[in-house]
Amino acid sequence: MLTMGKAITRRRAVAVLTATLLATGLAACGNSDTGDKPADDGKLTLGFSQVGAESGWRTANTNSIKESATAAGIELKFDDAQGKQENQITAIRNYIQQKVDVIAFSPVVESGWDTVLKEAKDAGIPVILTDRSVDSADKSLYKTFIGSDFVKEGKLSGEWLVNETKSATGTVNIVELQGTTGSAPANDRKKGFAEAIAANPNLKVIASQTGDFTRAGGKAVMEQFLKANPKIDVLFAHNDDMGLGALEAITAAGKVPGKDIKIITIDAVKDGMQALADGKFNFIAECSPLLGPQLMDLVKKVSKGETIPQRIETEEGTFTPEQAKAALPTRKY
Ligand code: GZL
C-alpha cells in the first residue's frame, strides 16, 4: 500500500516524466512548426510555369501535366503566368528559392530567358522546356525541349493548300491569323506555311495579324480582314481557337465557312475537330498537348543526372473532315 510520503514522491515522478515527454514532443513538433522544409519524404518536386489558359490546347496541356505528376508521385508546384513573360520569370525565381528538384516551363515567347535560366543553372536546378522553345544560344541552359515541330505543322498546312489549289486559275487570296507575337509556334508556323505555298505563285497572303491564340482575338481580327478585303478565299489560323472565333465573323458577314472561305488550322482539339467534321474547317494539322507523361519521365531522369536527348519531338498527324469524323469518338482532348 502506498504511504503518503511515497504517494507524493510517485506523483512528482509522474509529473516530471510527463513534463519531460511533453517537452520532447513539443520540441519535435516545434521543428516542423518553425517553417523548416518538411522532413524530406523522398518525393521529387517539380516547379512548372505555364503560359496561361488562352486556348483549349492549353487547358488540355495543363490537365496532362497535373494528372501525370499525380500519377508519377511527383510533387507539382504550378503557376499560371496569364500570358506574361515577367510572371514566368518570377515563378522560376521562386522555384529556385524553394530549391525544387527540377524546373519545367512553356516559354510564352522565344527571347529574354538567358538571365533567369543562368540563375537556375548556377543554383544547380535542371530546366526542361516543354511545348515552346527559347532562342538562347547557350544550349547548356536547359536539359531538353519536348514538344512539336511547328515549322512542319505550318509546312503541312501549306502543302495541303498547294495540293487543293493546283488547278485553280487566278490569285488565291489568303488571310493569316498568327499566334502570340514572338512565340515559337507563331514564328515557326508562319515560316513553314510561307515556305510551302511558295510552290504555287497564285497563292498570296494578303493580310497577316496576331489573334494571340484566342477565340476572341481570332473573331476580332477576322472581322477586320473581312471589312478590308472583299475577296478572301482562304483563312490560315495558327490554332483551332482563333479559327473558331473567325467562324463567327465569317458567318456574320454572310459567308459560308469551309466553302466560300476555306479554313486551315493547327492543334486538332475537340472543338476544332468537330468544326472540321461539320465541314466548317477544311484541314487541321495536329499539335498534341498531351506532354505530361513524357515530361514526368524526363523529370525523374534529369533528377538522377541521366543523359537525355537535347530535343524530343512528339508524333503528330493531319486531319481531313472524314478523318475527323472517324477520330472524334476516341479523341482524348
Ligand atoms: C503549341 C502551343 C500553342 C497552341 C495554341 O504547342 O504552344 O499555344 O497551338 C496554344 O492553341 O495557345
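## The ligand and its surroundings

A polar side-chain atom of Glu54 lies 2.5 Å from an oxygen atom of the ligand, a polar contact being a pair of N or O atoms within 3.5 Å, where within protein one must be able to donate a hydrogen and the other to accept it, and residues adjacent in sequence count only if both atoms are side-chain atoms. This is a predicted model, in which local features need pLDDT of at least 70 and side-chain atom pairs count only at pLDDT 80 or more, while totals for chains, interfaces and linings use all residues. Residues are numbered from 1 along each chain as its sequence is written, and side-chain values use heavy atoms, with hydrogens and water left out.

For Arg189, a polar side-chain atom is found 2.8 Å from an oxygen atom of the ligand, and for Arg58 an N or O atom of the side chain is 3.1 Å from a ligand oxygen. The protein covers 99% of the 320 Å² of accessible area that the ligand has on its own (Shrake-Rupley method with a 1.4 Å probe; for residues, only the protein chains shown count as cover). Around the ligand there are 13 residues, of which Glu54, Asp131, Arg132, Arg189 and Asp267 come nearest (a residue counts as near if one of its heavy atoms lies within 4 Å).

Asp131 forms a salt bridge with Arg58, and their closest N and O atoms are 2.8 Å apart; the term requires a side-chain nitrogen of Lys or Arg within 4 Å of a carboxyl oxygen of Asp or Glu. Because Asp131 lies in the loop between β4 and β5 while Arg58 belongs to helix α2 (residues 56-72), the pair ties together parts that are 73 residues apart in sequence. Helices (H or I, at least four residues) and strands (E, at least two) are DSSP runs, numbered from the N terminus.

## The parallel sheet

Six strands form an open sheet with parallel pairing, in the order β2-β1-β3-β4-β5-β11, where two strands pair if DSSP finds at least two bridges between them. Its edge strands, each pairing on one side only, are β2 (75-80) and β11 (311-313). Strand β5 (residues 144-147) runs parallel to β11 and is joined to it by three bridges, with Phe145 standing opposite Arg311 in β11.

## The mixed sheet

Another open sheet of six strands has the order β7-β6-β8-β9-β10-β12 and mixed pairing. Here four bridges join the parallel strands β9 (residues 262-267) and β10 (residues 283-286), and Asp267 stands opposite Glu286 in β10.
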